[in-house]
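Take a walk through this protein, one stop at a time. Keep the 3D view open and find each residue as it is named.

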Amino acid sequence: MAPHEIRLIGDPVLRKRTTEVTDVTGALARLADDMFATMHEALGIGLAAPQIGVQKRLFVYDHGDGPGVVINPRIEESDGEWVFEEGCLSVPGLSWEITRPKRIHMVGIDLDGNDVSLEVDELEARLFQHELDHLDGILLVDHLDDDQQRAARKTLREMTLERPTGGGGLRLL
Ligand code: ZN
């Protein structure tokens, strides 16, 4: 299990829709292992494949019923409303209060190729919705209103200037 560098906001890989997984293979299990290692090293509770630069529809999580892997996830049903201070490993150091459905029913497949059906709420539901967003090229800043997005862009610009090595090609929102 080897941790990978986490891609940060501004990296185009985070803005692409990922492709469905058609074969659940040993290579996919090794990818999931690397994703777990990366997530745990960064002290995250969820990580989607694009965050390590892989354009595939899967994410890992370690919360609630976890650790687990969901491949080709889909939300079948959602209801309620829940406000949560949401952060993202790809947008380090920042977080915003974001409203999303409180409960969801997610389906997908696991690393054995079996169907999974997960009914979750609150933080686990938030985590799953956030990771599914990553697979569609959506970041948490996309859930902010216009004023908040402007403030976020400014903050991100200022944070980049503080980076000791010039940001390594980091572009802004
Ligand atoms: Zn994220």
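**A guided walk**

Leu 43 is exposed, because its relative accessible area is 78%. The cut-offs are these: buried means under 20% relative accessible area, exposed means over 50%, and partly exposed lies in between, with a 1.4 Å probe and protein chains only. Leu 43 sits in the loop between α1 and β1 (46-48). Helices (H or I, at least four residues) and strands (E, at least two) are DSSP runs, numbered from the N terminus. The phi of Leu 43 is near 60 degrees, a positive value in a residue other than glycine. Most residues other than glycine have a negative phi, and most peptide bonds are trans.

Two ground rules come next. This is a predicted model, in which local features need pLDDT of at least 70 and side-chain atom pairs count only at pLDDT 80 or more, while totals for chains, interfaces and linings use all residues. Residues are numbered from 1 along each chain as its sequence is written, and side-chain values use heavy atoms, with hydrogens and water left out.

Now find the zinc ion. Which residues are its protein donors? They are Cys 88 (SG), His 130 (NE2) and His 134 (NE2), lying 2.0 to 2.2 Å from the zinc ion. Donors are N, O and S atoms within 2.8 Å of the metal (3.2 Å for Na, K and Ca); water is not among the atoms, so sites may look incomplete. Along the sequence, the donor residues follow the spacing C-x41-H-x3-H. Cys 88 belongs to strand β4 (residues 82-88) and His 134 to helix α2 (residues 122-135), so this pair, 46 residues apart, links distant parts of the chain. Cys 88 and His 134 are both buried.

Ser 90 counts as buried because its relative accessibility is 0%. Its contacts (heavy atoms within 4.5 Å) include the zinc donor His 134. Ser 90 also touches Ile 6, Arg 7, Leu 8, Ile 9, Leu 14 and Gln 51, where residues up to four places away in sequence are not counted.

The volume of the largest cavity is about 30 Å³. On a 1 Å grid over the protein atoms alone, a cavity is a set of points where a 1.4 Å probe fits but cannot get out, and lining residues have an atom within 4 Å of a point. Grid points are joined across faces, edges and corners, and the volume is the space filled by probe spheres set on the points.

Move on to the largest nonpolar core. How many residues does it have? It has 17. A nonpolar core is a set of buried Ala, Val, Leu, Ile, Met, Phe, Trp, Tyr and Cys residues joined through side-chain atoms within 4.5 Å. Those with the most contacts inside this core are Leu 31, Met 35, Leu 47, Leu 58, Val 60, Val 69 and Ile 71. Two or more residues come from each of α1 (26-41), β2 (58-61) and β3 (68-79). α1 gives the most, with six residues. Leu 31 touches Ile 52, Val 54, Lys 56 and Leu 58, again leaving out residues up to four places away in sequence.

Two strands pair if DSSP finds at least two bridges between them. β2 and β3 run antiparallel and are joined by four bridges. Val 60 stands opposite Val 69 in β3. On its other pairing, β3 meets strand β6 (residues 103-109) in the antiparallel sense, over six bridges. There, Ile 71 has Ile 109 in β6 as its bridge partner.

Look at the turn between β2 and β3. Six residues lie between the strands of this hairpin, and Gly 64 takes a positive phi near 55 degrees. A cis peptide bond joins Gly 66 and Pro 67, with omega about 5 degrees. Pro 67 is found in the loop between β2 and β3.

End in strand β3, the place of Asn 72. Its phi is near 50 degrees, a positive value in a residue other than glycine. Asn 72 counts as buried because its relative accessibility is 14%.

Key
1 Å grid on protein atoms, 1.4 Å probe; cavity = no way out; pocket = protein on both sides within 12 Å on 5 of 7 lines; lining within 4 Å.
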